[in-house]
Structure formats: structure tokens, C-alpha cells
Amino acid sequence: MNKIAVVMMVKNEIDVIESCVRHAATYADDILICDHMSTDGTLEVLKSLKDEGLPIEISRCFDTKQDQQSVTTNLVHESIRRGANIILPTDADEFLIMVGGKDSKDLRTFLQNLDPNQVYEIHWTQCEFIDAEKDQEQFTLDRPALKSLPKAPSPWRSKAVIGSGAWQNFKLRTQRGNHFTEYLDGKAFDKYIRIYEIENFHYRYRSNGQWLSKDLCKFLARILNETMYGDMGAKIMLNNVKNFLSQDNFELADIEPLPNMLPPTSSDLDLAPYRNTCHLKYSHG
């Protein structure tokens with residue numbers, strides 16, 4: 001039976017980190033998290049969750065550059081050293097679910113039966129809260145949200161699920177964003193097996209305050225020559241930062257969010273079938 005590991009790099013994810021970890025703990029045996037100099041209480045929440053008994057290992061990164069690729073690659077190596085067969089590189093704003101509303105026991109069973117000598121890809125689904133400023137104290141998957149319309153697989157709409165044997169045999173590393181893997185020489189890996197039974201829900205815009213914090217962090221990263229998004233994303237990010245720095249009475253309602261990659265559909269107003277409700281103790285949302 002496969003041992004399942006989740007690996008992620010996080011920074012200032014106080015509003016979602018507890019929801020993410022508690023959800024991952026319903027199907028994963030090991031959760032390896034590297035905190036990149038969080039200042040908002042994220043690290044303290046992680047320590048509380050570990051003390052509570054959740055299967056978390058916490059490391060820290062103090063490099064001013066946000067080298068997600070190297071950090072996540074190292075976490076995958078460490079997870080395999082600890083015995084993982086199936087590894088899910090993810091982010092704190094992402095939630096793995098079973099298609100069709102099956103619960104986390106079904107998700108765990110499905111992952112346990114994957115072939116560790118393969119690398120899989122699953123659909124990366126954008127989710128958008130009906131009201132981003134409401135119910136922030138609730139478990140993320142409890143909050144009313146829209147799902148993006150389904151679309152055929154294409155770049156940046158997939159996420160990788162890595163088998164330990166394939167990782168070692170093909171000599172792979174993660175790509176930035178954890179969407180894909182690549183060979184050590186930088187060539188793209190192209191031997192994915194597409195699976196449709198599971199998908200990844202992504203909540204990148206969770207409140208105006210969270211989005212402004214993210215833009216400010218990205219702005220500083222760009223000063224350090226780290227490109228975070230394409231031209232459209234960079235323009236919106238810089239507009240938000242410029243407005244924030246130039247206005248004494250700046251309102252969070254003035255935040256301009258990055259447009260959704262796919263238009264949401266109003267048919268998915270309740271994501272309840274996709275979740276096992278978790279109760280939060282240490283954070284807000």
C-alpha cells in the first residue's frame with residue numbers, strides 16, 4: 001500500500017494554512033512544509049498543528065529569493081527518503097478532492113493504489129468565493145464558492161502527482177508552481193498519465209487583505225529579479241502596490257484581483273460534496 005506525502009513551501013498563509021493542513025491530513029501520511037519567513041502567524045499555526053499530533057514536519061527557508069523550485073524539489077527528495085511512494089507537491093491555497101463528491105477515505109484509497117513508477121497529472125480547478133469578505137473564520141471548503149468551467153487539459157491547468165519510482169528513474173525535479181516536473185537538464189517531462197478521478201481546487205483570491213499582502217510580497221520579489229506572473233499579472237500587481245503606497249486613505253475594496261483563468265459557472269454554488277468538514281482552532285479561515 002502506497003505511503004502518501006504532501007509537500008509545500010508557504011509564506012504568510014494565515015487565512016488558509018490550517019484548513020489546508022487539516023484537509024491534507026485526512027488522506028496523507030506525511031506533510032512536509034517549508035516556511036519562507038512568514039510574519040503573519042503561519043509558522044505558529046503550523047507548530048500548533050504539529051503539537052496536536054498531525055503528521056507535519058516543518059523546515060524553514062531564509063533565502064530572500066523565493067526559490068520554490070529548489071525548495072519543493074528538496075522536499076520531494078526528503079519525502080521519498082522518509083518512505084513516500086506517492087508525492088503531491090502543492091500550495092497552501094490548494095485542496096485535493098475526489099470528483100463526484102466521494103470523501104477523503106475514498107481519496108486516500110485511490111492514491112494508495114496508484115503506480116509509484118508513473119507521474120500523473122490532474123485537473124487544476126479555479127475556485128472563487130461568492131463573497132470573499134464573508135465567513136473568513138470557516139474551513140475553506142465550507143465557504144460558498146464557484147467552480148471554474150471544465151476545460152480540456154492545457155499548460156498551467158494541470159498539477160503533477162509524482163510516483164517515487166518515476167522520480168528516481170527519470171531523474172526529475174519540480175517546476176516552479178508545482179504544476180509539472182522536468183528532467184534535471186531542464187527539458188520538460190512528457191510521460192504523464194492523465195487521471196480524472198481527482199482534481200485540485202485552487203483558491204488564490206481569498207480576501208482583499210490577503211490579495212494585497214500577496215501583491216506586496218510579489219512586488220518585493222520582483223525587485224529581487226524574481227518573475228512571478230506574465231505581463232497582465234505584473235501590471236495588476238504593480239497597480240495595486242502603487243495605489244497602496246500613494247494613498248493615505250487606501251481601501252481594501254479598491255484591490256484589483258487577477259482575473260480568473262476560466263469563467264466560473266453558477267451551477268456549483270455549494271462544494272459540500274467534496275469535503276469532510278474540519279473545525280479550525282488556531283486561525284481565521
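Ring pairs join Phe 170, Phe 180, Tyr 183, Phe 189 and Tyr 192 into a cluster. Here rings of Phe, Tyr and Trp (its six-membered ring) pair if their centres lie within 6.5 Å, with planes under 30 degrees apart counted as stacked, over 60 as edge-to-face and the rest as tilted. The model is a predicted one, in which local features need pLDDT of at least 70 and side-chain atom pairs pLDDT 80 or more, while totals for chains, interfaces and linings use all residues. Residues are numbered from 1 along each chain as its sequence is written, and side-chain values use heavy atoms, leaving out hydrogens and water.

By the ring rule, the count comes to seven aromatic pairs. The ring centres of Phe 95 and Phe 139 are 6.4 Å apart and their planes stand at 85°, so this pair is edge-to-face. Phe 95 belongs to strand β5 (residues 94-98) and Phe 139 to the loop between β6 (119-129) and β7 (145-148), so the pair ties together parts that are 44 residues apart in sequence. Helices (H or I, at least four residues) and strands (E, at least two) are DSSP runs, numbered from the N terminus. Both Phe 95 and Phe 139 are buried, where buried means under 20% relative accessible area, exposed over 50%, and partly exposed in between (1.4 Å probe, protein chains only).

Within the cluster, Phe 180 and Tyr 192 form an edge-to-face pair, at 6.1 Å centre to centre with 65° between the planes. Phe 180 lies in the loop between β9 (172-174) and β10 (181-183), and Tyr 192 in strand β11 (residues 192-202), so parts 12 residues apart in sequence are tied together by the pair. Phe 180 and Tyr 192 are both buried. Strand β11 also holds His 202, which is buried with a relative accessible area of 6%. Leaving aside residues up to four places away in sequence, His 202 touches Asp 93, Glu 94, Trp 124, Thr 125, Gln 126 and Cys 127; contact means heavy atoms within 4.5 Å.

Turning to the helices, the protein chain has seven of them, along with 12 strands. In α1, eight of the eight residues are buried, so this helix is largely enclosed by the rest of the structure. Helix α2 (residues 42-52) has Thr 42, Leu 43, Val 45, Leu 46 and Leu 49 as its buried residues. Seen down the axis of α2, they fall within an arc of 160°, so they line one face of the helix; the arc is that of the directions from the helix axis to the C-beta atoms. These buried residues pack against β1 (4-10), α1 (17-24), β2 (30-35) and β3 (56-60). Gly 53, with a positive phi near 115°, follows α2.

The largest nonpolar core has 41 residues, and Met 8, Val 21, Tyr 27 and Leu 111 have the most contacts inside it. Such a core is a set of buried Ala, Val, Leu, Ile, Met, Phe, Trp, Tyr and Cys residues joined through side-chain atoms within 4.5 Å. Apart from this core lies another, of 21 residues, among them Val 7, Val 76, Ile 87 and Val 119. In soluble globular proteins, nonpolar side chains tend to be buried together. For the protein chain as a whole, 50% of the 285 residues count as buried. Among its contacts between residues at least 6 apart in sequence, 76% join residues at least 24 apart.
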